[in-house]
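Have the sequence and the 3D view ready as you read.

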Amino acid sequence: MELCKIISGEMYFYFDGAFTVMRKELSLDEPVNGQILSGALKKTCMVHPYLSWTVREKDGDFYFEDTKRPATLINGTDNADLGSPETDMHLAAVIYHENRICLDLYHGLLDGVAAKRVLETLLYFYFSEKDNVEYDAPDVMTDIVPDASELFKEPFENRIVDDKDPWVDEDSEPGEIFRFSEYEEASSEDHYQRIGIPSDDFMKFVKENEATPASALSVLICHAIEELYPENKKTIKINIPINLRGALSCEQSFRNTTGDVPLYFDPSMISSMEIKEQCGMLRKALKESLRPEKQRRIAASQMDFLEMTSQYKDYASRYRFYSSIPVPPSDSVFISYIGRFNGGSYVEHIRDASLISGARDGIVFNIYDCGGKFHVSVIKKGPIEAFTRAFLKVLRAVGVSAESSSETGFKLHYIPLRENLGLDFK
């Protein structure tokens, strides 16, 4: 079928900082069988054909295009050169080595929800073949969607706002916002650390405090900030990306379909409210943000912006427009709760999971729930170990055990897509 132009993920093709690889990595309790993985990837591509896609540009717009080449599979430890002839210009690749399986991807192709679905499908086919078992995995995508247009649907093509709930301006931020940069020297080096939290321990805390995983983690992270910087009186801002697919009636779409919602935590609540009350307050705020009409407002706001960018009719002028947009101040923390990894009993083979994405001045938390643990990838510009120690102390204080890896520096692999498409962006 003829694919419509890229709308919802447009911004990733114009911001310089967006041309880097995101990596989802799973560590298993056994070495990966490359031959079986190769067969599983071929089957996965029948469910998720965009693994072998690239893009073309016309009049400043981008369109997905099938390379008609097999999806990229690499055995080794090197990064995938996405958007280059070495990977057939693909925007995603699977890499494996010893007991690790990685999905390297460009955010202009997939968002976190779609990438998680790809990995779930890949593991389903891998372990079904390896174990010779027909696993029951009802929440895993294993069949080609009967109507392919639902899979390829562009979520931001049509603006939907409820007549009964008209558009209103969002509330302004409540006072000054806490920023790590006020207490730490600026750093250009990206740092990364993993934290593993037993699911049973954490979910016991969640249930006892009538919370959700996202709201409970938000509260505990805020407590860790106050543990580290007890003199802080400024509001802590927590940005959480949410999946808009259900509200926009495009549940199957692979395209970028997320929007951020802010939560706010006043440090004075630590002394004035019980932790259960704090969890309840943030849970209520997050639930309000998840109302379908609220989600459609978020999408409509993005659509209004994209309608404005459509006036630029070539790549250079649209690139200059995006480059002129001031970078907003960093949020205090960014929490991407990816959720439970769907699958059969084979999911217990997962020993570690991580999502390594771009660092910010604030702290990024990418969180997977699988293999009996909440796997937290903590990412930040500048040193992060002091915060991690404070976070572990807060977890222990509420009866939740956890362990962390050593802090490491990292640099995301560059994607030379624009150069290989011959676009002028200097």
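The largest nonpolar core has 128 residues, and those with the most contacts inside it are Ile238, Phe365 and Phe391. A nonpolar core here is a set of buried Ala, Val, Leu, Ile, Met, Phe, Trp, Tyr and Cys residues joined through side-chain atoms within 4.5 Å. Helix 2 (residues 112-131) gives this core its largest share, 10 residues. A second, separate core of 8 residues includes Tyr192, Ile356, Val364 and Leu412. In soluble globular proteins, nonpolar side chains tend to be buried together.

Before going further, please keep in mind that this is a predicted model: local features need pLDDT of at least 70, side-chain atom pairs count only at pLDDT 80 or more, and totals for chains, interfaces and linings use all residues. Residues are numbered from 1 along each chain as its sequence is written, and side-chain values use heavy atoms, with hydrogens and water left out.

**The chain as a whole**

The secondary structure comes to 11 helices and 15 strands; these are DSSP runs (helices H or I, at least four residues; strands E, at least two), numbered from the N terminus. For 426 residues, a compact globule would have a radius of gyration near 22 Å, and the chain agrees with its 21 Å. That radius is taken over C-alpha atoms, and the globule rule is 2.2 Å times the number of residues to the power 0.38. Along the principal axes, the C-alpha atoms fill a box of roughly 60 × 55 × 45 Å.

Of the 426 residues, 53% count as buried. Buried means under 20% relative accessible area, exposed over 50%, and partly exposed in between (1.4 Å probe, protein chains only).

**Around Thr309**

Thr309 sits in helix 8 (residues 292-309) and is buried, with a relative accessible area of 0%. Setting aside neighbours within four places in sequence, Thr309 is in contact with Glu10, Arg318, Phe321 and Tyr322. A polar atom of the Thr309 side chain lies 2.9 Å from the backbone oxygen of Leu306. Thr309 and Lys5 are 304 residues apart in sequence, yet 14 Å apart in space, C-alpha to C-alpha.

**Salt bridges**

A salt bridge is a side-chain nitrogen of Lys or Arg within 4 Å of a carboxyl oxygen of Asp or Glu. How many are there by this rule? The count comes to 29 salt bridges. The table lists some of them.

| Glu25 | Arg100 | 3.4 Å |

Glu25 counts as buried at 8% relative accessibility.

Asp304 belongs to helix 8 and Arg159 to the loop between helix 3 (148-151) and strand 7 (190-198), so their bridge joins parts 145 residues apart in sequence. Asp304 is partly exposed at 33%, and Arg159 is partly exposed at 44%.

Technical notes
Contact means heavy atoms within 4.5 Å. A polar contact is a pair of N or O atoms within 3.5 Å; within protein, one must be able to donate a hydrogen and the other to accept it, and residues adjacent in sequence count only if both atoms are side-chain atoms.
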